[in-house]
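Student: I have a structure to go through and some questions about it. Can we take them one at a time?

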Amino acid sequence: SEESAYPASHAIDSTQDTYYSSPADAKMPVELTINMGSSHNIAAIDLSQNEARALTTARYCPEGEGTRIRNYEVYASSDGSDWGSALASGTLENERGVKEILVPQGTGNKQYIKLKILSNYKGNGLVQITNIDMIRKQGP
């Protein structure tokens, strides 16, 4: 789900000037599926989130404020339909800056990555992501 003015493609356009936004009335979980165009073994996902309100001078948001992602799961697929079980899950800190989501065993050689956002710190369905970078696993 996405707001028409803030499509999911903005999360992967490598610019800080645009961002993805789910609709304000979205329900959790919010899922983003990324087609990488070819198969890759991803070791981590670097995630930058939009600052939805004027707390940009504070490193931490008060509990219950902001749209920062709290709990997440990461999945990978070869065909975009068979996802299997989560390869990574966890909780992101409620603070500014790029967050790195580690996928310890890597995604294998998969073309699709799904970021499933289970909750945010505000407790609503609003998710805003400025940029997502896939970090490839090095070595065999």
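Student: In this predicted model, is S14 buried or exposed?
Tutor: S14 lies in the segment before β1. Its phi is positive, about 60 degrees, although S14 is not a glycine. Exposed means over 50% relative accessible area. S14 has a relative accessible area of 58%, so the word for S14 is exposed.

Student: Which two residues does a cis peptide bond join?
Tutor: Look in the loop between β1 and β2, where P29 has its place. The bond there has an omega of about 0 degrees, and the residues it joins are M28 and P29.

Student: In what order do the four strands of the open sheet come?
Tutor: Start from the edges: β1 (20–21) and β6 (99–102) each pair on one side only. Two bridges join β1 to β8, and β3 pairs with β8 over seven bridges. Four bridges join β3 to β6. The pairing is antiparallel, and the order is β1-β8-β3-β6.

Student: Which residue in β8 is the bridge partner of I45?
Tutor: Strand β3 covers residues 42–49 and strand β8 covers residues 128–136, and these two strands pair in the antiparallel sense. Within β8, the partner of S48 is N131. For I45, the partner in β8 is M134.

Student: Which residues make up the uncovered face of β6?
Tutor: In a regular strand the side chains alternate between the two faces of the sheet. In β6, K99 and I101 make up the covered face. K99 is also the bridge partner of L47. The uncovered face of β6 has E100 and L102.

Student: How far apart in space are A43 and V103, C-alpha to C-alpha?
Tutor: A43 has its place in strand β3. Leaving aside neighbours within four places in sequence, A43 is in contact with I101, L102, V103, I135, R136 and K137. A43 and V103 are 60 residues apart in sequence, but their distance in space is 4.9 Å.

Student: Which residues is V74 in contact with, leaving aside its neighbours within four places in sequence?
Tutor: Contact here needs heavy atoms within 4.5 Å. By that test the contacts of V74 are I45, A86, L87, A88, I101, V103, I113, K114 and L115.

Student: In which strand is confidence highest?
Tutor: The protein chain averages a pLDDT of 88, and 88% of the residues score at least 70. Confidence is lowest in β1, at a mean of 90. The highest value, 98, belongs to residues 88–91, which is strand β5.

Terms used. Residues are numbered from 1 along each chain as its sequence is written. This is a predicted model: local features need pLDDT of at least 70, side-chain atom pairs count only at pLDDT 80 or more; totals for chains, interfaces and linings use all residues. Side-chain values use heavy atoms; hydrogens and water are left out. Two strands pair if DSSP finds at least two bridges between them. pLDDT is the predictor's confidence in each residue, from 0 to 100. Buried means under 20% relative accessible area, exposed over 50%, partly exposed in between (1.4 Å probe, protein chains only).
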